[in-house]
Amino acid sequence: MSKDIQEGGKKRVWSCNEWDPLEEVIVGTVENATVPTWNPALAATTPSHAKWFFDKYGGQPFPDDMIEKASKELDNLADVLKSLGVTVQRPETLDFSKEVTTPWWNSKGLYAAMPRDVLMVVGDTIIEAPMAWRARYFEIYAYRRLIEDYFKDGSRWLVAPKATMSERFYNAGYSPEQATIDSVRQFVVSENEVAFDAADFVRFGKDIFVQKSNVTNAMGIEWVRRHLDDDFSVHEVEFGDEHPMHIDTTIVPLGPGKLMINPSWVERSQIPAQFDSWEIIEAPAPVKPYDSALYFSSDWLTMNILTVDEKHIIVEENEEPLIALLKQHGFEPIPIPFRNFYPFGGSVHCATADIRRRGTLQSYFS
């Protein structure tokens, strides 16, 4: 990799970690969001208390009041980022209520609310994730015009191979109640085709950590590893979440030398040796005003924060214990209302995707 690439040069697309000063970002949208119908891939990660929601609304648009409240919070997030000098982009509005047909299945869409799930920037390269839910198969097209513009401005662009998502793509015998059998972790996605969501990867400069999950398989991890430059090393990790999907509520880098962990899922012995010299910070228990409205995720969405630079971190305003903890460790939290976005399955980190952070490519491990 040339020195110009290592330093980002004047490239519009450049991001190597989660904490360098943020200069450009995509913020998602919940417009035209459609509730997916119940299926094994959804059941693999959805809280058991939430099935009624999909039974009632599956295949229909999300209720208007949910859309309105979450849209307000997304718009406010965009405004806060702009006030901090960050360039904000938004995806194109698509109609996710339309049913699409492939040779193997039919499905309506979901939303374009979580850009973190569908694309990842590594250095000057945008990687499109293939996804593992049928409802998310065509989601990337909400971002395609933006990606095309970034490509024209000099970025590199990798598109992972789309799986058929036919029956062979999934493990027919998978049961959420038996996610671990004889100490071997089981997942709903098989190893027959490439599968990964971008949110199962977390970037630490030249080192990228990834977990296998119910949306990311070994083939997907190997595909990313083979397509990155030799400057990058991809490390597979495993933690105690019985139903993993996306790593950004399990381990969260706060800055160089500081890692926040989910104490419910991460044992100290599971933390990779690379972090031996890092300060390990245990996240406080989440504040749960109405956890029954978490239809897609656990209440650990509280950890799903966005670092703007090495001092400033955007966090949901109700998470007072987390805000206090961040202050104790020298950060300046920026609290914003985001609780009404939670029912869509993410928080501030999920709702954004870094496009440019000002910094250099380097190693943060001795």
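Modeller: Let's start with the second largest pocket, which takes up about 380 Å³. This is a predicted model, where local features need pLDDT of at least 70, side-chain atom pairs count only at pLDDT 80 or more, and totals for chains, interfaces and linings use all residues. Residues are numbered from 1 along each chain as its sequence is written, and side-chain values use heavy atoms, with hydrogens and water left out.

Colleague: What makes a space a pocket rather than a cavity?

Modeller: Being open (on a 1 Å grid over the protein atoms alone, a pocket is an open set with protein on both sides within 12 Å along at least five of seven lines, while a cavity is a set of points where a 1.4 Å probe fits but cannot get out). The volume is the space filled by probe spheres set on the points, which are joined across faces, edges and corners.

Colleague: How does the lining of the largest pocket divide?

Modeller: Into 15 nonpolar, nine polar and seven charged residues. Here Ala, Val, Leu, Ile, Met, Phe, Trp, Tyr, Cys and Pro count as nonpolar, Asp, Glu, Lys and Arg as charged, and the others, Gly among them, as polar.

Colleague: How many cavities of 30 Å³ or more does the structure hold?

Modeller: Three. The largest has about 130 Å³ of space, and E18, R116, L119, M120 and R203 are the closest to its centre among 14 lining residues. E18 turns up again in the second largest cavity, in the group nearest the centre along with V252, P253, I305 and H349. Strand 13 (251-255) gives the most to that lining, with three residues.

Colleague: Why are strand 13 and strand 15 said to stand at the edges of their sheet?

Modeller: The order is 13-14-15, and strand 13 and strand 15 (279-282) each have a single partner strand, so one side of each is left without a neighbour in the sheet.

Terms used
On a 1 Å grid over the protein atoms alone, a cavity is a set of points where a 1.4 Å probe fits but cannot get out, and a pocket is an open set with protein on both sides within 12 Å along at least five of seven lines; lining residues have an atom within 4 Å of a point. Helices (H or I, at least four residues) and strands (E, at least two) are DSSP runs, numbered from the N terminus. Two strands pair if DSSP finds at least two bridges between them.
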